[in-house]
Amino acid sequence: MPQYGSVPPRAPRPGTPLPGGRIPRARDMRPASARPANRPGRIIAVTAAVLVFIVTGFGWHSVDGLISGINRISDLGLGGAQDGATDILMVGVDSRTDARGNPLDDHERAMLHAGDEVGTNTDTIVLVRVPNDGSSATAFSIPRDSYVDIPGIGQGKINSAYGATKEATRQKLAGQGASAAEIEDKSTQAGRQALIKTVANLTGITVDHYAEVGLMGFVLLTDAVGGVPVCLNEPVNEPLSGAHFKAGTQRLNGPEALSFVRQRHDLPRGDLDRIVRQQVFMAALVNQTLNAHTLSSPGKLQQLSDAVGRTIVLDKDWDVVSFLHQLQDLTGGKVKFQTIPVKDLDGTTDDGESVVKVDPQTVKSFVGAAAGKDGGKDDESADPSSITADVYNAGGTSGLAAQVAQALTGKGFKTGTVDNWAGAPVHGSKVLAASSSDAKAKTVAKALGGLTIATDSGVPPGGVRVVLGDDYSGPGSAAASLFDTSAKASGTASPVPPPPPIDAGKNGPKCVN
């Protein structure tokens with residue numbers, strides 16, 4: 001593990017394989033000093049994302065004591081669960097203090113391999129949606145480098161929304177002569193409000209409650225439940241994160257788990273593969289807590305209560321006890337972890353900054369379909385990852401079917417046959433399905449700019465065929481590309497469809513690399 005203050009390693013040269021054989025991508029070309037440091041705060045929020053589920057494993061007589069020790073905050077501009085579900089934004093802050101502002105001691109910082117710098121980036125962001133009947137939960141991970149619109153700031157990485165807004169507010173208040181305490185309180189509140197608005201704008205989901213966890217929380221909460229089992233397909237030896245593990249299933253304590261979910265180097269998709277690790281870890285922790293009753297020990301209950309009190313911040317208006325009663329029928333199999341679709345993993349801005357490009361409309365459609373805007377009762381759309389669409393070119397534009405198929409893949413869909421149309425002449429682009437009310441057909445038609453859906457008896461139930469005419473101007477067309485400035489200068493984007501959901505109810509941990 002490199003020491004803080006040491007000379008940073010040189011960035012790899014283009015074409016030079018990284019350790020493990022991976023060819024470096026655009027984001028690897030920056031000097032190490034210009035790339036975001038691989039600090040523990042980036043993944044602390046994975047613990048916050050399971051806090052709500054953890055406490056359901058307690059006897060109800062113990063919940064009040066647990067909740068009473070949590071620091072509360074107010075005036076965040078939150079919703080009221082009026083859309084059929086409770087939506088919780090859970091984030092981690094890169095802080096060397098606990099939830100009440102007390103500095104970590106030397107032993108704790110050394111255990112975490114943490115330096116003394118203080119940051120406010122929220123580099124792991126998870127939106128949890130729980131239908132109001134409490135029967136299921138879906139957690140959506142948002143990549144930290146997602147390039148989005150930040151209210152009052154403009155375009156930027158989503159992990160900077162909190163910190164950039166806080167700093168701008170701090171400078172404004174300092175110029176007005178405010179006290180140090182007032183500056184800290186109001187600037188932090190503004191940072192949290194900006195992040196909440198940014199996530200809502202990206203996902204189309206109004207945030208109802210807010211949970212924040214500090215740097216120490218990950219280790220303390222992992223140890224409080226007796227460690228968490230994980231599984232690796234191959235052995236790992238990656239010094240930057242401190243990840244040194246054998247292949248196969250193993251149980252990790254707090255510091256080990258921190259290294260496991262920190263690793264992003266030597267992984268094919270970098271931060272996206274690290275998100276998969278985080279989700280696997282969360283799923284294992286939820287499964288262990290809900291199904292194995294690991295928290296029946298009074299000693300462990302007290303250990304967890306102490307950890308929660310030191311590391312968790314919640315919004316003041318959240319009646320957590322009532323919410324936990326709402327979740328009393330929740331099981332591990334009803335808790336799923338997803339990642340939003342990515343338009344370009346290796347995107348760059350006009351000034352050359354490496355970012356992850358996302359399409360807000362695609363993200364909104366994906367989140368709405370995967371979680372169900374009305375408590376899972378939305379029959380107007382389907383999960384893109386569950387849809388396989390055949391794409392045919394019936395017009396005179398060479399390669400149009402392949403281009404549209406690529407656009408669909410970037411939006412999270414799967415594609416089957418991609419070919420020229422050999423059927424009867426078509427008059428206008430359309431989506432063919434067994435029924436015009438088919439949810440999958442509606443989802444594809446919407447993703448392609450609102451195409452007409454036509455009934456075709458030759459299409460099997462659940463099947464979707466896209467037929468493109470000369471009138472087509474949606475995603476993947478030449479007309480659409482004139483207005484698409486999100487790709488890299490080379491013109492080649494790296495779309496990443498969301499992986500299948502990770503189910504917390506599966507037997508044993510999911511093996512990953």
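Residues are numbered from 1 along each chain as its sequence is written, and side-chain values use heavy atoms, with hydrogens and water left out. Because the model is predicted, local features need pLDDT of at least 70 and side-chain atom pairs count only at pLDDT 80 or more, while totals for chains, interfaces and linings use all residues.

User: What makes Cys231 and Cys511 a disulfide?

Analyst: A disulfide is a pair of cysteine sulfur atoms within 2.5 Å. The S to S distance of Cys231 and Cys511 is 2.0 Å, so the pair meets the definition. A search of the whole structure finds 1 disulfide.

User: Why is Cys231 called buried, and what is Cys511 called?

Analyst: Buried means under 20% relative accessible area, exposed over 50%, and partly exposed in between, with a 1.4 Å probe and protein chains only. Cys231 has 5%, so Cys231 is buried. Cys511 has 33% and therefore counts as partly exposed.

User: How do you know that β5 and β15 pair?

Analyst: Two strands pair if DSSP finds at least two bridges between them. Strand β5 (residues 146-150) and strand β15 (residues 354-357) have 2 bridges, in the parallel sense. Tyr147 stands opposite Lys357 in β15. Both strands belong to an open sheet of 4 strands in the order β6-β5-β15-β14, with mixed pairing. In that sheet β6 (154-157) and β14 (344-348) stand at the edges, each with a single partner strand, so one side of each is left without a neighbour in the sheet.

User: Why is α6 called oblique to α7?

Analyst: Axes are lines fitted to C-alpha atoms, for helices over the stretch in contact, and angles run from 0 to 180 degrees between N-to-C directions. Angles under 35 degrees count as roughly parallel, over 145 as roughly antiparallel, 65 to 115 as roughly perpendicular and the rest as oblique. The axes of α6 (residues 217-224) and α7 (residues 254-262) come within 8 Å and cross at roughly 125 degrees, which means that α6 is oblique to α7.
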